[in-house]
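Please walk me through how the features of this model are read, one at a time.

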Amino acid sequence: MKNDSLAISIASGKGGTGKTTLAVNLAAVAGEVTLLDCDVEEPNDHLFLDVEWGESRESCVPFPRVDTNLCTGCGECRRVCRFNAVVVLGKQPLIYPELCHGCGACFIACPEKAITEVDRAVGIVERGTFREIELVHGRLNIGEVKGPPLIEAVKDAAAHNGRAAIIDAPPGAGCPAVEAVRNTDYCVLVTEPTPFGIHDLEVAVEMARQLGVKHGVVINRSDIGDDRAVRFCEERGITLLGQIPFDREAAEAYSRGELLVDALPKYRETFGELWQSIIKEARGA
């Protein structure tokens, strides 16, 4: 994902902290950027943007196909599969697509060359524009359980366009969030000053540290709790990028699917200053 322009991921340890609100409004004030909605199970950035849709393409992963005429039922494919996606029933291998990661180990290990790889669709990548923003998002197919390959495809779709990228990551710190944050230049962790918020922020901070990604924190609805989020950042030596108090007018605008920077002009300055702080931290200035 890294290129001449910065890649900024927006993540959170839990859902509902305001991650998407931050991502779409930062994109609106940043101007000529690419906004990547990597919450492929339920992408929603487009709900706040009047997007003019363009390209749409299928995203596939390699999947093993067994030629029963060549297969001897030796079970080597089952033995090398670390994900337990292969079961040999009698002399017939059965491969579970929900467990298969497309790693190619069975294809390489098969002594009879009875396994070939075919494309299996996992979702679609869609691209559109809104003002100066280029939006790219993924939609995971119904019933598909693995989001990371599609998230990787979304990131690759904008890897060399020369623009800065704002990546709206899935909530939590599981594999989808890891794939979205991985190899970004900076990660903004959005939290709220509640016990659940701080607990899950700890998990998100550890994820960013394990990935070696520089990170800072934004406290949303900063006046609904106490100062525990501020103290957490001070104790851990984490940059506190900004605090956004609760605002009923902002909540109402959000419920209508409006950008805060459009509905309430005071937020244009708020998010503009926050974007400059993020860029400064990302560049180490």
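**Reading the model**

Q: Is F48 buried or exposed?
A: Buried means under 20% relative accessible area, exposed over 50%, and partly exposed in between (1.4 Å probe, protein chains only). F48 has a relative accessible area of 9%, so F48 is buried. Y254, at 35% relative accessibility, counts as partly exposed.

Q: What are the ground rules for the values?
A: This is a predicted model, in which local features need pLDDT of at least 70 and side-chain atom pairs count only at pLDDT 80 or more, while totals for chains, interfaces and linings use all residues. Residues are numbered from 1 along each chain as its sequence is written, and side-chain values use heavy atoms, with hydrogens and water left out.

Q: How many aromatic pairs are there?
A: Rings of Phe, Tyr and Trp (its six-membered ring) pair if their centres lie within 6.5 Å; planes under 30 degrees apart count as stacked, over 60 as edge-to-face and the rest as tilted. The count is two aromatic pairs. One of them is F48 with Y254, a tilted pair at 4.9 Å centre to centre with 35° between the planes. F48 lies in the loop between β2 and β3 and Y254 in helix α8 (residues 248–255), so the pair ties together parts 206 residues apart in sequence. For Y267 and F271, the ring centres are 6.1 Å apart and the planes are at 40°, so this pair is tilted. Both Y267 and F271 lie in helix α10 (residues 266–282), four residues apart, about one turn of the helix. Y267 and F271 are both buried.

Q: In which order do the strands of the open sheet run?
A: Helices (H or I, at least four residues) and strands (E, at least two) are DSSP runs, numbered from the N terminus. Two strands pair if DSSP finds at least two bridges between them. Here nine strands form an open sheet with mixed pairing, in the order β3-β6-β7-β2-β8-β1-β9-β10-β11. β3 and β11 (239–244) are the edge strands, each pairing on one side only. β3 and β6 pair in the antiparallel sense over 13 bridges, and S59 stands opposite G123 in β6.

Q: Why is helix α4 described as largely enclosed?
A: Seven of the ten residues of α4 (residues 148–157) are buried, so the rest of the structure largely encloses α4. The buried residues include P148, L150 and I151. Contact means heavy atoms within 4.5 Å. Among the elements covering the buried residues of α4 are β2 (33–37), β3 (52–66) and α5 (175–181).

Q: What does N25 touch?
A: Not counting residues up to four places away in sequence, N25 touches L259, L260, V261 and F271. N25 lies in helix α1 (residues 19–30) and is buried at 2% relative accessibility. A polar atom of the N25 side chain lies 3.1 Å from the backbone nitrogen of V261.

Q: How many disulfides does the structure hold?
A: A disulfide is a pair of cysteine sulfur atoms within 2.5 Å. The structure holds zero disulfides. C60 is in no disulfide, and its nearest cysteine sulfur, that of C100, is 13 Å away. The sulfur of C81 is 6.1 Å from the closest cysteine sulfur, in C103, which is too far for a bond.

Key
A polar contact is a pair of N or O atoms within 3.5 Å; within protein, one must be able to donate a hydrogen and the other to accept it, and residues adjacent in sequence count only if both atoms are side-chain atoms.
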